[in-house]
Amino acid sequence: MGVKKSLQTGGNLFNLLSSILTVLSTTTNYWTRQQGGHSGLWQECTHGKCSNIPCQNTLAVSAACMVLAATFSIVALGIGIRIQCQEAESRRSQNTIVLLFLSGLLLMIALAVYTSKNAWKPEVFFSWSYFFGWLALPFLFIAGFCFLLADMILQSTEAISGFPVCL
């Protein structure tokens, strides 16, 4: 297995891990916990009874960015697997790179907005769903850099393929 293939495999594995963490973070209701309950992007549970959270601008921005980040990450995973499986064609991974970095940016925006909304409340503590979102962020960027390096290797091999080089 060459370096390009190893980087693509690593990028897909990091992207798979970040996709799982992002989807779990988005869908669960344990972003914060407070006395007697917990809440997420969609519901607030108090004393075992859950109810939908009324629409708030900051929460809507966080939720929209999280859904888009998860969607872009999953689409990038599909494209990345397709690129890796089709060995006959040398495919560049520019779309995957853009989707991964865009997904990371959206995830960072969502988490920063949610943090700014809840960081100043003394009785609220961030919980595991929130931390899964932050944990997915470096994996998205590492996956993006893996595909970027693999693309640079592919581009450089295509550039020197016509030259008579003895190595």
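A crossing is called left-handed if the near helix is turned anticlockwise from the far one by less than a right angle, and right-handed if clockwise. Keep that in mind for the helix pairs below.

1. **Ground rules.** This is a predicted model, in which local features need pLDDT of at least 70 and side-chain atom pairs count only at pLDDT 80 or more, while totals for chains, interfaces and linings use all residues. Residues are numbered from 1 along each chain as its sequence is written, and side-chain values use heavy atoms, with hydrogens and water left out.

2. **Annotated spans.** An unreviewed UniProt entry carries the annotation "transmembrane region" for residues 12–32, 59–83, 95–116 and 128–150. UniProt positions follow the numbering used here, feature names are shortened, and annotations may be inferred rather than shown by experiment. In the model, residues 59–83 are 100% helix and 0% strand, with end C-alpha atoms 36 Å apart. Residues 128–150 are likewise 100% helix and 0% strand, and their end C-alpha atoms lie 33 Å apart. Helices (H or I, at least four residues) and strands (E, at least two) are DSSP runs, numbered from the N terminus.

3. **α1 against α2.** Two packed helices are described by the angle between their axes and the distance between the axes. Helix α1 (residues 3–27) and helix α2 (residues 57–85) have axes that come within 9 Å and cross at roughly 155°. Axes are lines fitted to C-alpha atoms, for helices over the stretch in contact, and angles run from 0 to 180 degrees between N-to-C directions. The two helices are therefore roughly antiparallel to each other; angles under 35 degrees count as roughly parallel, over 145 as roughly antiparallel, 65 to 115 as roughly perpendicular and the rest as oblique. The crossing of α1 past α2 is left-handed.

4. **Who touches whom.** Contact means heavy atoms within 4.5 Å. On the α1 side the contact includes K5, Q8, N12 and L16, and on the α2 side M66, A70, L77 and Q84 are among the residues involved. By type, the α1–α2 contact residues divide into 11 nonpolar, 12 polar and one charged. Here Ala, Val, Leu, Ile, Met, Phe, Trp, Tyr, Cys and Pro count as nonpolar, Asp, Glu, Lys and Arg as charged, and the others, Gly among them, as polar.

5. **α2 against α3.** Helix α3 (residues 94–118) packs on α2 at an angle of about 160°, with the axes 8 Å apart. That makes α2 roughly antiparallel to α3. α2 passes α3 in a left-handed crossing, and the residues of their contact divide into 20 nonpolar, seven polar and one charged.

6. **The sheet.** Five strands form an open sheet in the order β4-β3-β2-β1-β5, with antiparallel pairing; two strands pair if DSSP finds at least two bridges between them. At the edges sit β4 (49–52) and β5 (125–126), each pairing on one side only.

7. **Two hairpins.** β2 (residues 37–39) and β3 (residues 43–46) pair over three bridges, and a hairpin of three residues joins them. Across this pair, H38 has C45 as its bridge partner, and S39 stands opposite E44. β3 and β4 pair over four bridges, where C45 is partnered by C50 and Q43 stands opposite N52. Their hairpin has two residues between the strands, and H47 in the turn has a positive phi of about 55°.
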